[in-house]
Amino acid sequence: APRGYLAALGGPRFSHDARLHLAAHIACPSNPLTARVMVNRIWQRHFGKGIVATSSDFGSRGRPPTHPELLDALARRLIDSGWSIKAMHREIMLSAAYRMSSTRHEPFAAIDPDNELLWHFSRRRLTAEEIRDTMLAVSGELDLERPGRHPFPPEWEWRYTQHAAFTAVYESTHRSVYVMQQRLRKHPFFALFDGADTNASTAERLGDTTPLQALYFMNDPFVFDRAGKMGERLASAAGNDLERIHAAFELLFSRPPAPDELVTCVDYLRRYEEQLVGATTQPADLRSRSALASLARVLMSSNEFIFID
């Protein structure tokens with residue numbers, strides 16, 4: 001049988017260079033499917049749900065687009081921009097739909113409870129990768145450079161079997177995209193916050209909320225270390241507690257603290273340091289940093305830190 005594309009999809013016969021021919025057909029400006037799928041995935045990334053909710057199924061078994069004209073217009077703009085993903089991100093994030101408030105209005109919610117008409121911004125929890133990267137960023141530790149190889153054991157030391165397979169977790173301050181993830185076993189952090197299934201193509205992430213997630217922020221050494229580094233960062237960036245609290249809110253929430261939040265945080269720092277006076281022999285500057293680290297851990301565990309409104 002000669003090489004060829006699926007006739008049902010209208011593709012041409014391939015030339016002798018089949019891969020190049022297929023690539024040219026996929027990225028051809030007259031083929032709208034590729035651009036529609038790409039635009040839909042980018043939209044899903046920002047809004048939590050695509051214009052076509054079944055982002056891996058644009059066929060008869062998938063859900064129809066809620067805004068077909070918008071999907072086609074964005075697909076055309078993607079093609080006309082030379083397939084610039086950065087330009088499409090900018091197009092979407094500067095739109096009125098993206099910049100809407102997440103405030104619910106009950107009369108609208110009664111008509112459109114699933115927000116398919118985009119009358120407000122649907123609240124979205126950060127992905128597992130975003131949560132980890134954000135904690136490293138606010139602590140000042142995120143390394144944006146490309147890392148080297150993972151420190152796998154040398155081949156001559158391998159003694160792995162079917163029942164004693166290789167597993168490892170390598171700590172890193174690089175972006176989560178560089179963290180090793182095995183198909184055999186999920187990374188403990190990404191598994192806790194609904195990371196992608198490493199054994200399958202994951203079109204949509206679940207958004208489960210579990211007690212283990214709250215306990216992670218209360219007890220895990222990774223959170224304590226990031227909060228400690230953030231405490232040091234706040235202590236060196238500002239001269240008094242009021243300025244440090246303002247700096248913390250700007251770093252974590254991109255806004256200044258409300259008056260009642262400012263009062264609560266000042267009181268928290270005061271009481272925490274008073275408890276340390278009787279419990280430790282730390283000097284005053286270390287007690288202050290410990291209190292700031294504790295406050296940072298409390299703020300990191302808040303919904304505002306891990307949700308986009």
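Good morning. I begin with aspartate 133, which is found in helix α6. The model I am presenting is a predicted one.

Is aspartate 133 buried or exposed? Its relative accessibility is 17%, and because the limit for a buried residue is under 20%, aspartate 133 counts as buried. Leaving out residues up to four places away in sequence, aspartate 133 touches Leu142, His174, Arg175 and Ser176. There is also a C-alpha separation to report here: aspartate 133 and valine 177 lie 44 residues apart along the chain, and their C-alpha atoms are separated by 9.4 Å.

Setting aside neighbours within four places in sequence, tyrosine 216 is in contact with Met135, Phe189, Leu192, Phe193, Phe222 and Val223.

I now move to a helix pair. Helix α3, residues 68-80, and helix α4, residues 85-93, have axes that come within 9 Å of each other and cross at roughly 145 degrees. This crossing of α3 and α4 is right-handed. Which residues make the contact? On the α3 side they are Leu74, Arg77 and Leu78, and on the α4 side Ile85, Met88 and Glu91. Sorted by class, the contact of α3 with α4 comprises four nonpolar residues, two charged residues and no polar ones.

Finally, the protein as a whole. Its secondary structure comes to 13 helices and two strands. Why is the protein described as more spread out than a compact globule? The globule rule gives 19 Å for 309 residues, whereas the radius of gyration is 25 Å, well over that value, so the protein is more spread out than a compact globule. Taken along the principal axes, the box filled by the C-alpha atoms is roughly 85 × 65 × 35 Å. Of the 309 residues, 33% are buried. As for contacts with a separation of 6 or more, 53% of them are between residues 24 or more positions apart.

Thank you for your attention.

Notes: Residues numbered from 1 in each chain as written. Predicted model: local features only at pLDDT ≥ 70, side-chain atom pairs only at ≥ 80, totals over all residues. Heavy atoms only, no water. Contact = heavy atoms within 4.5 Å. Axes fitted to C-alpha atoms, helices over the stretch in contact; angles between N-to-C directions. Helix = DSSP H or I, 4+ residues; strand = E, 2+ residues; numbered from the N terminus. Left-handed = near helix turned anticlockwise from the far one by under 90°. Nonpolar A, V, L, I, M, F, W, Y, C, P; charged D, E, K, R; others polar. Rg over C-alpha atoms; globule rule 2.2 N^0.38 Å. Buried < 20%, exposed > 50% of the residue type's maximum accessible area, 1.4 Å probe, protein only.
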